[in-house]
Amino acid sequence: MTYWYFNKGEKNSICDVEGIKVGHITKAKGSIQTGVTIINPSPKNIFRHKLIGASHVINGFGKPVGLIQVNELGTLETPIVLTNTLAIGTATQSLIDIMVKENEEIGADGTVNPIVLECNDGELNDIRTLHIEKEDVKKALDNARTEFQQGAVGGGRGMVCYDLKGGIGSSSRIIPLGDKEYTIGVLVMSNFGSMKDLMFQDQRLGPTLVEMTKIEDREDKGSIIVVIATDAPLSHRQLKRIAKRSQSGIARTGGYTGNGSGEITLAFSTAQSIPSEKIEILDLKFLHDSTMDLFFQGTVEATEEAILQSLLHGEKVLGHKGKVISALKDFFPDLSLK
């Protein structure tokens, strides 16, 4: 019997939601262990064809850019950049440069709301030396594809999850509804948790790992970014409700949202767009709230699996000041998802 209730998408990634592409730029040399991951949500000009979106802050120990306006206006109008904490200024400026170049109306008629999300990769990366440059964001965007690497790549290169190598992970679920099927895709940048708490599909691997590694218990001061995409026609309010359910997916892997841990979720729908030109009445459709349980459960499943995928795709990394973070498969080489 499978562990999961819903079927996975063909790619089992966020790119099962049609139109989405993901790109990385990875910097991995000695004390430099960092990078950029970018999610391009739409093949259209997203500034002129905004998507409906919402965010939820589970624990606000973070420095995200752009979420205030997303929650006020309910729209997403740029690609989504994931990187390290001290690169948010550089990444924001680069994303603004890209959007200004593509849209001459920016500045002449309003501005633009860039979305940049971060985690602190300073355990493996010499974060103080600020190795992310403006062109890295453009390169990551140019690299965006429907097939992409997971694990210690892009923004996830220097991330640590449950004292193991974390990083980028993704998964998807197919939601049957009447005679239609919708897709939920999740991508995470995992950088949270204490080893003793790790759960792997209801298995308490944490205590066994602690015994194997002799790693002392430490305070959970990491973070996780969760990006949820769907092709279902959902409102800003419904997307915010879905974003809140990501916490249950995090908890199923053992996370309890520590005092110093930042958990932030962004959700959006590709089903319909909001034109940038001023139209007094918009013709939008949304699913009835009675259908939401299916999407809640699918979100929890995909979030849980995305975190586990980030661990399964991990690789041992030697980083800043000789710090070594091992991968989950270094200890459980035959471990796989049911």
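Helices (H or I, at least four residues) and strands (E, at least two) are DSSP runs, numbered from the N terminus, and two strands pair if DSSP finds at least two bridges between them. The model shown in these views is predicted, so local features need pLDDT of at least 70, side-chain atom pairs count only at pLDDT 80 or more, and totals for chains, interfaces and linings use all residues. Residues are numbered from 1 along each chain as its sequence is written, and side-chain values use heavy atoms, with hydrogens and water left out.

**View 1. The hairpin of β1 and β2.** Strand β1 covers residues 21-29 and strand β2 residues 32-40; they pair in the antiparallel sense over nine bridges. Lys 21 has Asn 40, in β2, as its bridge partner. Two residues lie between the strands, and Gly 30 in the turn has a positive phi of about 60 degrees. In a regular strand, side chains alternate between the two faces of the sheet.

**View 2. The salt bridge between Lys 8 and Glu 305.** A salt bridge is a side-chain nitrogen of Lys or Arg within 4 Å of a carboxyl oxygen of Asp or Glu. The count by this rule is 17 salt bridges. In the pair shown, the closest N and O atoms of Lys 8 and Glu 305 are 3.0 Å apart. The pair links distant parts of the chain, 297 residues apart: Lys 8 is in the segment before β1, and Glu 305 is in helix α7 (residues 292-312). Relative accessible area is used here to sort residues as buried (under 20%), exposed (over 50%) or partly exposed (in between), with a 1.4 Å probe and protein chains only. Lys 8 is partly exposed at 32%, whereas Glu 305 is buried at 0%.

**View 3. The salt bridge between Lys 50 and Glu 77.** The closest N and O atoms of this pair are 2.9 Å apart. Lys 50 lies in strand β3 (residues 49-60) and Glu 77 in the loop between β4 (75-76) and β5 (80-84), so the pair ties together parts that are 27 residues apart in sequence. Lys 50 is buried, with 12% relative accessibility, and Glu 77 is buried, with 6%.

**View 4. The salt bridge between Lys 214 and Glu 211.** Here the closest N and O atoms are 2.9 Å apart. Both Lys 214 and Glu 211 are exposed.

**View 5. The surroundings of Val 160.** Val 160 is in strand β7 (residues 160-161) and is buried, with a relative accessible area of 2%. Contact means heavy atoms within 4.5 Å. Leaving aside neighbours within four places in sequence, Val 160 is in contact with residues including Glu 123, Leu 124, Phe 192 and Ile 325. The C-alpha atoms of Val 160 and Glu 123 are separated by 7.7 Å, although the two residues are 37 residues apart along the chain.

**View 6. The largest pocket.** On a 1 Å grid over the protein atoms alone, a pocket is an open set of points where a 1.4 Å probe fits, with protein on both sides within 12 Å along at least five of seven lines; lining residues have an atom within 4 Å of a point. Grid points are joined across faces, edges and corners, and a volume is the space filled by probe spheres set on the points. The largest pocket has a volume of about 430 Å³. Of its 19 lining residues, Asn 120, Asn 191, Lys 221, Gly 222 and Gly 260 are the closest to its centre.
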